[in-house]
Amino acid sequence: CSLATRYPPEELEFYLLDFKEGVSFAQFAPRLRNRRWLPHARLVGVNINTDREFGLALLQHHRYADAIPHLEESLQHARAVKAEVFLSNALINLGWVHHWLGDVEAARARLREAVKHAAVPDNRESLGRALEALAAVDVNAGDPELAAILFGAADGVRRSIGAGVWMTDRGSHEQTEAQLRTQLGDTAYTAAADSGRNLTVDQV
């Protein structure tokens with residue numbers, strides 16, 4: 001973990017997967033009662049030896065359809081142990097996969113559920129990711145005004161905790177912003193995004 005002392009989470013991310021029957025990586029995961037976690041840990045998989053392909057599929061970003069059953073299994077694990085942080089991020093991943101596969105309704109359903117679970121433990125970093133993913137879905141579905149509001153809300157959430165866009169999310173972030181500016185024009189985009197930034201977490 002010496003790299004974690006040299007680079008911020010926005011520039012370095014860890015995918016920690018344990019395919020043996022252990023919990024050695026659990027200490028790096030965020031928990032409500034333990035603030036001593038590793039913010040660079042994008043994914044912490046513990047005790048996933050029952051499905052090795054689950055971990056591998058998550059890292060193979062272009063095998064979207066193949067990843068779905070493994071991501072669904074991760075949801076079941078998260079629900080079983082009531083791990084809201086992991087559940088919200090697993091839902092975000094599934095939302096993106098459905099979006100990339102062109103299933104708008106499935107993407108929206110997963111991402112809206114992610115927003116709900118991310119808000120419960122006040123996990124604002126995940127909340128920002130879920131809102132921005134919803135913005136990407138909506139702009140591609142033909143609702144750029146709502147998308148701009150969600151995009152602004154995501155930015156407001158991140159700013160409230162001094163967080164930035166995750167390194168792995170920067171490509172989609174820039175693409176969504178460019179689409180919004182093109183479809184709405186700079187003035188309308190700025191107005192809608194500003195209204196989103198002014199929303200409270202409860203209003204989101």
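Guide: A residue is buried when its relative accessible area is under 20%, exposed when it is over 50%, and partly exposed in between (1.4 Å probe, protein chains only). This is a predicted model, in which local features need pLDDT of at least 70 and side-chain atom pairs count only at pLDDT 80 or more, while totals for chains, interfaces and linings use all residues. Residues are numbered from 1 along each chain as its sequence is written, and side-chain values use heavy atoms, with hydrogens and water left out.

Visitor: Is Tyr-189 buried or exposed?

Guide: The relative accessibility of Tyr-189 is 3%. The limit for burial is under 20%, so Tyr-189 counts as buried.

Visitor: How many aromatic pairs are there?

Guide: Rings of Phe, Tyr and Trp (its six-membered ring) pair if their centres lie within 6.5 Å; planes under 30 degrees apart are stacked, over 60 edge-to-face, and the rest tilted. By this rule the count is 2.

Visitor: What kind of pair do Trp-96 and Trp-100 form?

Guide: Their ring centres are 5.5 Å apart, with 25° between the planes. Planes under 30 degrees apart meet one of the limits, so the pair is stacked.

Visitor: Which helices hold Phe-151 and Tyr-189?

Guide: These two residues form a tilted pair, 6.5 Å centre to centre with 55° between the planes. Helices are DSSP runs (H or I, at least four residues), and strands (E, at least two) likewise, numbered from the N terminus. The pair ties together parts 38 residues apart in sequence, because Phe-151 lies in helix H7 and Tyr-189 in helix H9.
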